Amino acid sequence: PFEMKAMERISPLAFQDAGRFDDWTIVVTSLGQDESSQLLFPQSMSVPFEDEEDGYAEKFETFLSRQEKRGPVLIVTEDERDRERIARVLRNLRHTIFFLDGGADAYAEHLMDATATLNRKTKSKSIGVGAKKGCQGCPG
């Protein structure tokens with residue numbers, strides 16, 4: 001297992017190993033937790049980060065104090081734009097906090113790439129490389 005330090009990033013590939021994050025609190029910080037973020041992060045909660053930084057640390061701390069899970073916190077921004085600002089605002093909290101590298105956009109892209117790769121592998125197996133010409137389902 002790799003050692004993680006608070007406020008570091010977790011790659012979309014590492015996050016895909018969902019079992020590792022079962023005891024984590026996953027927080028989506030985009031203003032509107034839309035349908036796509038609910039699909040990508042069904043176990044997440046929303047604590048929107050607005051342009052106003054004042055009071056966000058207190059709001060975040062209050063939110064965390066009400067959670068049953070006491071593991072680390074994974075923050076999912078939309079696309080990395082607010083990551084540094086959020087990290088600065090939350091730096092003094094007494095929680096272990098990580099960020100999903102690239103945010104929700106990068107995770108969605110990772111899943112699409114992984115699905116395309118899987119589809120290519122499945123398709124090449126179904127074509128039957130080396131099969132005799134003229135058999136049913138074989139190309140030309």
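User: What kinds of residues make up the lining of the largest pocket: how many nonpolar, polar and charged?

Analyst: This is a predicted model. In it, the lining of the largest pocket has seven charged residues, three polar ones and two nonpolar ones.

User: Which residues line that pocket?

Analyst: Thr-29, Ser-30 and Leu-31 are among them.

User: New topic. Where is Thr-25 found?

Analyst: Thr-25 is in strand β2, which covers residues 25-28.

User: Is Thr-25 buried or exposed, and why?

Analyst: Buried. Its relative accessibility is 5%, and buried means under 20%, so Thr-25 counts as buried.

User: What does Thr-25 touch, leaving out residues up to four places away in sequence?

Analyst: Thr-25 touches Phe-63, Leu-64, Gln-67 and Lys-69, plus Pro-72, Val-73 and Leu-74.

User: Now the helices. At what angle do the axes of α3 and α4 cross?

Analyst: Roughly 75 degrees, and the axes come within 9 Å. Helix α3 spans residues 56-65 and helix α4 spans residues 83-90. Angles of 65 to 115 degrees count as roughly perpendicular, so α3 is roughly perpendicular to α4.

User: Which residues meet there?

Analyst: From α3, Tyr-56, Ala-57 and Phe-60. They meet Ile-86, Val-89 and Leu-90 in α4.

User: How many residues of that contact are nonpolar, polar or charged?

Analyst: Six are nonpolar. The contact of α3 with α4 has no polar and no charged residues.

Key. Residues are numbered from 1 along each chain as its sequence is written. This is a predicted model: local features need pLDDT of at least 70, side-chain atom pairs count only at pLDDT 80 or more; totals for chains, interfaces and linings use all residues. Side-chain values use heavy atoms; hydrogens and water are left out. On a 1 Å grid over the protein atoms alone, a cavity is a set of points where a 1.4 Å probe fits but cannot get out, and a pocket is an open set with protein on both sides within 12 Å along at least five of seven lines; lining residues have an atom within 4 Å of a point. Ala, Val, Leu, Ile, Met, Phe, Trp, Tyr, Cys and Pro count as nonpolar, Asp, Glu, Lys and Arg as charged, and the others, Gly among them, as polar. Helices (H or I, at least four residues) and strands (E, at least two) are DSSP runs, numbered from the N terminus. Buried means under 20% relative accessible area, exposed over 50%, partly exposed in between (1.4 Å probe, protein chains only). Contact means heavy atoms within 4.5 Å. Axes are lines fitted to C-alpha atoms, for helices over the stretch in contact, and angles run from 0 to 180 degrees between N-to-C directions. Angles under 35 degrees count as roughly parallel, over 145 as roughly antiparallel, 65 to 115 as roughly perpendicular and the rest as oblique.
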